[in-house]
Amino acid sequence: MTKICVIGTGYVGLVTGSCFADLGNTVACLDVDDTRISKLKNGVMPIYEPGLEQLVSQNVRAGRLSFTTEYSEALKETEIAFIAVGTPSGSDGEADLQYVRSAAESIADLVDDPIIIVNKSTVPVGTGDWVADVVRKRRGGKALEFHVVSNPEFLREGSAINDFMNPDRVVLGSTEREAANKVAQLYLTLRCPIVITDLRTAEMIKYASNAFLATRISFINEIGNICEELGADVCEVARGMGLDKRIGPSFLDAGLGWGGSCFPKDVKALAHMAVLHGTQPQLLQAVMEINRNQRRRVIVKLRKALGGLNDREIGILGLAFKPNTDDMREAPAVEVIHLLQNEGAHVKAYDPQAMENAGQMFPRLTLCSNPYEVADGVDALVLTTEWNEFKQLDFDRIRGLMRQPVIIDGRNLWDGERLRAQGFNYYGIGRGNHL
Ligand code: NAD
């Protein structure tokens, strides 16, 4: 049993804290956001993540998990402090480290016993050394025995608990092997490969992994765009490619592209690091550009299908950047809605979890309570997130409700042939029936 403090209770911090508590450790989760902490103290989850509420309440009841806004309370007797605060994009695409700095300074101010500081946030290569420097400078002459370990997180929103408990690997980087070994102990029961390396390599593994996954999606989208012109079907192409063991099937779904709180900012931050150090990240630039264009292509399709967008009614199914989350950060739907509203379209939308976030983001968006309300009176329906509940809709009913039967399936979720037979003008992404 280790006494742990997790700083930041967002998607990563809250899941990390609850999972470590579930594995038998004593965990104090800390956040500077009062509302978030008082919600958690009352058993209310500040984010939607399947299974989280139960995991939190179980471990709070067992006395292994607590929440606070007080650093002094959270850091009391802590052996390992995980920094899991946000690292959003700065104005040039660089990762903004102000929250990491503030967390590191608080540790330096309040801790006198030996401690391991773990960077779980995704941070630029070199940040581990920088955090050590921040702590040393803040202490002035006051001695503190501490080591910094990089432990990037690979969980996915929507399946975060399962990903944390069943990781493909755990990556640890440190200048001090003993410190990395101590953190490794926390993961031993998960029985997964543990890669122990130096700080900078561990930090780079996270960026390279996210950039590679984003590259696969942009790659298949580029292939899809070519398929569309040449009359091939990208879904079949991806299947045919993915069966090759050297390629594999995952992250080969053509559609509206990648979004969320990680891929966009991490690819941007990696490209920024590259430029800053005199290398030319041409592939990363192309990966980002293809992704931007992918959303615009939907607008072009709609404009062509409807002969213009001004005063047209458009229905959007799905707002979160992917299913099983309420997170709308950099979601494709956000840009699609912006572009549609800019061209004078009236937009209605429904999402199983992201309605509250959407309402705050788009005051002019009409929020509906189910897919049929969205379909009612629209000129076109656009699928932007492939939630399970959109897989089996009553399309005869939808056809009867819509003003014009145009469907843009931004996730290639539905059977185009069937929908065409039911009277829809159906357009997928990269499926050889381009507008
Ligand atoms: P988030 O925005 O959901 O949560 C960050 C939390 O940190 C917020 O609650 C905020 O109030 C808190 N915070 C900010 N400054 C603080 C401070 N000084 N002290 C205490 N708390 C503070 O962020 P997230 O999605 O959990 O991401 C955290 C980090 O993990 C990022 O670097 C991200 O890139 C990385 N990451 C995220 C995911 C993901 O799926 N969300 C996956 C892997 C890695």
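Strand 1, residues 3–7, is largely enclosed by the rest of the structure, because four of its five residues are buried. Buried means 20 or more other C-beta atoms within 10 Å of a residue's own, exposed means 12 or fewer, and partly exposed is in between, with C-beta atoms placed from the backbone. Strands here are DSSP runs of E, at least two residues, and helices are runs of H or I, at least four, numbered from the N terminus.

A word on the source. This is a predicted model, where local features need pLDDT of at least 70 and side-chain atom pairs count only at pLDDT 80 or more, while totals for chains, interfaces and linings use all residues. Residues are numbered from 1 along each chain as its sequence is written.

Back to strand 1. With strand 2, residues 26–30, strand 1 pairs in the parallel sense over five bridges; pairing requires at least two DSSP bridges. Val6 has Cys29 as its bridge partner there. Strand 1 also pairs with strand 4, residues 80–83, again parallel, over four bridges, and Ile4 stands opposite Ile80.

Leaving aside residues up to four places away in sequence, Lys206 touches Thr122 and Pro152, contact being C-beta atoms, placed from the backbone, within 7 Å.

Methods. Contact = placed C-beta atoms within 7 Å.
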